[in-house]
Amino acid sequence: MVCMESMGTEYLFMIGGAGSTPTTYQSQYQYIQLGNGHIRTNEQNLLNLSTRQWIIPTISGQCCPPTSAFAIEKITNNKAVMFGGAVPRDDGRYDILVNTVYTCQLESDTTIHWESVKGPVVPASVQWPVGRRYHAITSIISDSPTLVMIGGEGNDGQLVNDSWLLNTSQYQWSKIDLPESVTCRGFHSLSSIMMSPDCVWLVVVGGYTVAEWKDVGRGYKEAVSDYITDPNITMLIELVLREGEWRVSEVLDSTGLTTEAYQDKYQLLLKKRQWWQDQFIVYSTEREVKLQNYVESLQQELRVSEGNKTSLQEALLEASQQDKTRVERVKETKVSSTKEEVSTGPTDVYKDNDDLKGEEKEEEQTTATKQTTSEEEIEKLKAKVVDSETYIATLTEEKTLTNEENEKLKAKVVDDDMVIAKLTKEKLQLKEELQSLKDTTTAEKTTKEISSIGIQFDYIVPSMDNLECLSDVNIAIEAEYISSHQEEEKEGIKKKAGYCADITPQLMKTHEVSVNIQVSYGKATTDCSQ
């Protein structure tokens, strides 16, 4: 079962399967009696989700045979792909599992067109999955929709334990490697969540695992399966698009889904997904919504008109049959009366015959008038239907033009966003350069202040054997800190520093002495140390 759309109306499409004996057999479908008393069929039905009415569609193309346990998935609004399933063998006692791909397209609200993409015989050089049932399929919606298939049961009754991707643009299969905890299952569900155009999450839930054959006696065996248990009940597979191909990025079981790392990644991807939806999903304008509602109302009126037309035709046919029956009865009555009169005595037979013919002519004229009136009403309805279809075509053309304008506006918005991003980046770079210039200016100013305050120099004085008297020589200079008199302060400090050499003229040895002069808060301090 899959949901499809035609002319703005959504339908639930139900096909085939095996079940109890139907109450009504449709001539365009096949019904096969199975050994267990069930019926397998390819019967198809459409449920109009608006009117809640079931429709039996007309089938065209190469329809699938009576099939059950297959998988079907929508790839566009009105097109779906079906793969695999079980079909009965010629003797009807056993099933054959097929690997055929079918496409079905809802061409109108009453017609389904089928095509067979590949037959059951596939060249060995082409990658193609084996026949199976109880498998699961989901779709990755993109410019070229891709189907993902996982698991299922093969013809030998064992699980096939593999996974595949189907490119629906060329209908080519490619195998993907996933752990056995994901692929070795059947009767499971599979869903996809698009996190971004290049990232999709696949969620696999439930199913049964490896089947074992148990001897039940008298040479018979039956398959015994176990349900999937934790931590593999729910599995998450992340696929990423790289170089045009979907590749497996990460696989998490139920335990991995509870970690903090997964929660952080989920929140990040959720924000990215929301941004992506805001950028690329085009929401209908108020005018488009009104236009769509009006088109739907016209389509509904068209359906009602077609229903009325059918009802009117049926009523006309019934009335025509009733009139014909009544005229025949009148004829029979007149004839019988004439015969009685002839048999009883001389009467005016010719007069009665003329009256009978006149009544017949009146009845025929009345019937012709009714038919003419009905035909006129039908022609009016046909004209109204043609006008409605013309108006619908005009509205559809206007909608197409509106969509083209939206695409142009969307492209312009994207270009504007790129320009804004570029300008924002340049603005940040200019801010960084301005801040760097400010920091450089501040550093130079600080260096100048420090150089104007601290003066360090070395000089050599004679020394003697005992230099303890010079180890703690400190010269303090009281001076007022004025930047305009820095040179005078330096000269005075040098003169006082020279005093340190003059107080020991008897020293014969030479030592290197370092003098540090610091000025702070208006005072200068000189440190003379060995």
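Strand 21 (residues 234-242) and strand 22 run antiparallel and are joined by 7 bridges. Strands here are DSSP runs of E with at least two residues, helices are runs of H or I with at least four residues, and both are numbered from the N terminus. Two strands count as paired if DSSP finds at least two bridges between them. This is a predicted model, where local features need pLDDT of at least 70 and side-chain atom pairs count only at pLDDT 80 or more, while totals for chains, interfaces and linings use all residues. Residues are numbered from 1 along each chain as its sequence is written, and side-chain values use heavy atoms, with hydrogens and water left out.

L239 stands opposite V248 in strand 22. There are 2 residues between strand 21 and strand 22, and in this hairpin E243 takes a positive phi near 55°.

In the loop between helix 1 (180-183) and strand 17 you will find H188. Is H188 buried or exposed? H188 counts as buried because its relative accessibility is 9% (buried means under 20% relative accessible area, exposed over 50%, partly exposed in between, with a 1.4 Å probe and protein chains only). Its side chain reaches the backbone oxygen of I150 at 2.9 Å.

N42, found in strand 4 (residues 39-48), counts as buried because its relative accessibility is 4%. A polar atom of the N42 side chain lies 3.0 Å from the backbone oxygen of C64.

M1, M14 and W54 make a nonpolar patch of about 330 Å², and W54 lies in strand 5 (residues 53-55). Patch residues have over 30% relative accessible area and no salt bridge, with nonpolar side chains (Val, Leu, Ile, Met, Phe, Trp, Tyr) joined within 5 Å and like charges within 9 Å.

Notes:
Accessible areas come from the Shrake-Rupley method with a 1.4 Å probe; for residues, only the protein chains shown count as cover. A salt bridge is a side-chain nitrogen of Lys or Arg within 4 Å of a carboxyl oxygen of Asp or Glu. A polar contact is a pair of N or O atoms within 3.5 Å; within protein, one must be able to donate a hydrogen and the other to accept it, and residues adjacent in sequence count only if both atoms are side-chain atoms.
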